[in-house]
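Please look at the structure below with the sequence beside it. The paragraphs that follow take one chain apart and then turn to its contacts.

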Amino acid sequence: MASSEPEPAMLGPFLETLIGGLLTGVLYSLVALGFVLIFKASGVFNFAQGAMVLFAALTLARLTGAIDGREVHLVHFIVAAAILGSALAFVAWYAWREYVARGGGAIERRRILLLAAGGALIGGVVAGAYGKGSWPLWLALPATAAIMGVLAYAIERLVLRHLVNQEGIILFMATLGIAYFLDGFGQTLWGSDIYKINLGLPKDPIFLLEGVFEGGLLVDPGDLVAAVIAAVLVVVLAVFFQKTRVGRALRAVADDHAAAQSVGIPLDTIWLIVWTVSGLVALAAGVIWGAKLGVQFSISLIALKALPVLILGGFTSVPGAIIGGLIIGAGEKLSEVFLAPILVKQFNLAGGGIENWFAYVLALIFLLFRPQGLFGERIIERV
Amino acid sequence: MSARARSFNEVLLSVEGISLSFGGVKALTDISFDIAKGEIRAIIGPNGAGKSSMLNCINGFYHPQQGAITYKGVRRSQMRPHEAAEQGIARTFQNIALFRGMSTLDNIMTGRNLRMKTGLFWQALRIGPAEREEIEHRRAVEEIIDFLEIQHVRKVPVGQLPYGLQKRVELGRALAAQPELLLLDEPMAGMNIEEKQDMCRFVLDVNDEFGTTICLIEHDMGVVMDISDRVVVLDYGRKIGDGVPDEIKRNQAVIDAYLGVGH
């Protein structure tokens, strides 16, 4: 990270660092949001969230054809199948709604099959047309989204649903297993090279407020765009969960499973929605981080950065994840730039690396004094 | 203290030969009874008799190994809870199961969940059909709030309410679904006399005004004999009595079960 020497006029560099930190923080928020969604609805701390981010980034990078001259037929085949699956899933979802709304029947069942077959056909045609080369972003993005949706569904359906009502630690271990599987399986599928995702974002740095500060404030436009995308996503999700029927149902499930079922909320459907959404959030995070840092294994470690964000914001709070991300993002950058020189000067330490531990120390302090986080529900146990 | 002499013809729900066991523990053994449309039906019995298990079978939380339940003429051996809710069965729980983080209003709104039909998109924007629908549901919910006399706690998170009011909110949430069959699991447990009287009044009013069929579990014999039309008695997972309150009071098996007999 760029560490500028503190100048006599500190405000300029301070603001610059702050802005850079906040922009990174929005991305932390995005990853943390994936955790919060699943934790709220099912009480599972999904350790695999980071692996999902990596998997999404890898998938997108591979689909947009980041490797030159290497053709993997199997991969293309799987991708084609995934699109097919996506078409299927979407169609099935739509048809299911119709089915329920009309009370079901033979005609609806036939229509579902028909639509599914149509979806498969479209999937096959697209895969055939583009399957051998690299895909344009407009095609690769929805395909990756579909793959993430299917993946999330598979995790929920195959692993977690069978562990309902088990101890938290067992669920946690399960997601740990999923995390390592996904990390490895992603590489099995897509290879382990470092890929690039090119979103076509502007690269030249922007200088803001040149009139006020000497040389202006340097802002990376890529970061800016990423932050805007993340912010929009966060707002959309917040509205979705606060204002809609599904949102109310989700909050109900989070509070009490049995009661939610008794008012007619289907648990399976809600969990499926939640996992799918968190899969899509992982995609957004993966794309943005991938474009910023390159797609590589270390992306899955970003999940660990989301941990202190969650401790700060509270595990069950959407606004908490946002604010927590911003605080951590800004805090670690500021500490790196302004605390490190002091340490070097006063104590003759080597300095660097503060960025790596700052978030965790902050989280530890929070654990000691405010374990429920800034916005979490207060933990009160009656004895 | 005499039962209200009412007669009912139509059977809303009938339970036939239900047996339920958890591992080696038999919770219910060959239970059969029916609930008539419009009546107040009580299930009583000593602790551990299987009353809540019975309710959980009707509501789909438990799936009995044997037997079937016929509801509105449709026979089924298994049903999931949200399907039961879709078919007009609402319930409350022995240990209050409210959404503690939400306000009274929001809790009761969740009861309307099944009745909301507009798409997500409109809901998120709060315009057009979604707004009309929201207003309509809010009106229904406000009526329930008025009915249960909990206007003063509309916006309060239910976790902060006293026990008696929480029970009332839970009843409100069940009522919001406009159920045909309302299952109440110990609605008056832990209440003082005044609160019990209020709750009795609400139960009777719901039954009278909305014609809702009610099946309730209750330990307070005075209340049970007072408000219910018919009573079924369970003991150790078996049915030992079934009839109008006056019959139950005279039933020797029931008296033995409650008072204990020397062996």
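In this predicted model, the C-alpha centres of domain 1 and domain 2 of chain B are 27 Å apart. Domain 1 of chain B is made of two stretches, 1–88 and 180–263, while domain 2 of chain B covers 97–178. Where these domains of chain B meet, domain 1 contributes 10 residues to the contact and domain 2 contributes nine residues.

Which helices supply at least two residues each to the side of domain 1 of chain B that touches domain 2 of chain B? They are helix H2 (81–86) and helix H7 (193–210) of chain B. H7(B) gives the most to this side of domain 1 of chain B, with four residues. By class, the residues on this side of domain 1 of chain B are seven nonpolar, one polar and two charged.

Chain B also touches chain A. Here 27 residues of chain B are in contact with 21 residues of chain A. On the chain B side, the elements that give two or more residues are H2, helix H3 (104–110) and helix H4 (120–125). The most comes from H2(B), with four residues. The side of chain B that touches chain A has 14 nonpolar residues, along with seven polar and six charged ones.

Now take chain B as a whole. Its secondary structure consists of 10 helices and 10 strands. Along the principal axes, the C-alpha atoms of chain B fill a box of roughly 70 × 40 × 35 Å. Of the 263 residues of chain B, 43% count as buried. Among the contacts in chain B with a separation of 6 or more, 69% are between residues 24 or more positions apart.

The mean pLDDT of chain B is 86, and 91% of the residues of chain B reach 70 or more. Where pLDDT is low, predicted coordinates should not be read in detail. For the model, the scores are ipTM 0.79 and pTM 0.74.

How values were computed:
Residues numbered from 1 in each chain as written. Chains lettered and ligands numbered in written order. Predicted model: local features only at pLDDT ≥ 70, side-chain atom pairs only at ≥ 80, totals over all residues. Domains from an automatic or database assignment. Contact = placed C-beta atoms within 7 Å. Nonpolar A, V, L, I, M, F, W, Y, C, P; charged D, E, K, R; others polar. pLDDT = per-residue confidence, 0-100. Buried ≥ 20, exposed ≤ 12 C-beta atoms within 10 Å, placed from the backbone.
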